[in-house]
Amino acid sequence: MSNVSTLPLLEPEAVAPCCPPLTERPLTAEEAERTARMFKALGDPVRLRLFSAVASHEGGEACVCDISDVGVSQPTVSHHLKKLKEAGLLSSERRGTWVYYRVEPSVVAAMGALLAGAGKAA
């Protein structure tokens, strides 16, 4: 059984861009702040592992009970998940005693578009 799942494709108008592709025009101060928060959140190895665990989990969402094994304590996992939520990369829903996390596909698509523009300039 594969643990890889495919995220649904979004219509272009469904994507709430964080900012334009880097090659389109210089970022405004607000766009740069918003984008930096997202990349800063992913700049921590534990956060990147947690984000990857949620993104690759079957169904595109994961219970905190299934992704906590990243080599740090549970309170630290909670802290990092909170930072990912604050950066707009994850959303969550409480179900009983557990919290389930989902990747925000529109934000990830917008970040991909931002970077795709940079790759064309190289």
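Strands β2 (residues 90–95) and β3 run antiparallel and are joined by 6 bridges. The model is predicted: local features need pLDDT of at least 70, side-chain atom pairs count only at pLDDT 80 or more, and totals for chains, interfaces and linings use all residues. Residues are numbered from 1 along each chain as its sequence is written, and side-chain values use heavy atoms, with hydrogens and water left out.

**Overall make-up**

- The protein has 5 helices and 3 strands. Helices (H or I, at least four residues) and strands (E, at least two) are DSSP runs, numbered from the N terminus.
- Along the sequence, the pattern reads α-α-β-α-α-β-β-α.
- The protein has 122 residues, and 30% of them count as buried. Buried means under 20% relative accessible area, exposed over 50%, and partly exposed in between (1.4 Å probe, protein chains only).

**The sheet**

- The 3 strands form an open sheet in the order β1-β3-β2, with antiparallel pairing. Two strands pair if DSSP finds at least two bridges between them.
- β1 and β2 stand at the edges with a single partner strand each, so one side of each has no neighbour in the sheet.
- Neighbouring strands are turned by 25° against each other on average, direction ignored. Axes are lines fitted to C-alpha atoms, for helices over the stretch in contact, and angles run from 0 to 180 degrees between N-to-C directions.
- α2 packs on the sheet and touches β1, β2 and β3; its direction makes about 85° with that of β3. Contact means heavy atoms within 4.5 Å.
- α4 also packs on the sheet, touching β2 and β3, and its direction makes about 125° with that of β2.

**Strand β3 and its partners**

- β1 (residues 61–63) pairs with β3 over 3 bridges, in the antiparallel sense. Glu-61 has Arg-102 in β3 as its bridge partner.
- Ser-92 is bridged to Tyr-101 in β3.
- β2 and β3 form a hairpin with 2 residues between them, and Gly-96 in the turn has a positive phi of about 65°.

**The nonpolar core**

- The largest nonpolar core has 22 residues, and Leu-50, Leu-81, Leu-84, Leu-89 and Leu-90 have the most contacts inside it. Such a core is a set of buried Ala, Val, Leu, Ile, Met, Phe, Trp, Tyr and Cys residues joined through side-chain atoms within 4.5 Å.
- α2 gives the most to this core, with 4 residues.
- Leaving aside neighbours within four places in sequence, Leu-84 is in contact with residues including Ala-41, Leu-50, Phe-51 and Leu-90.
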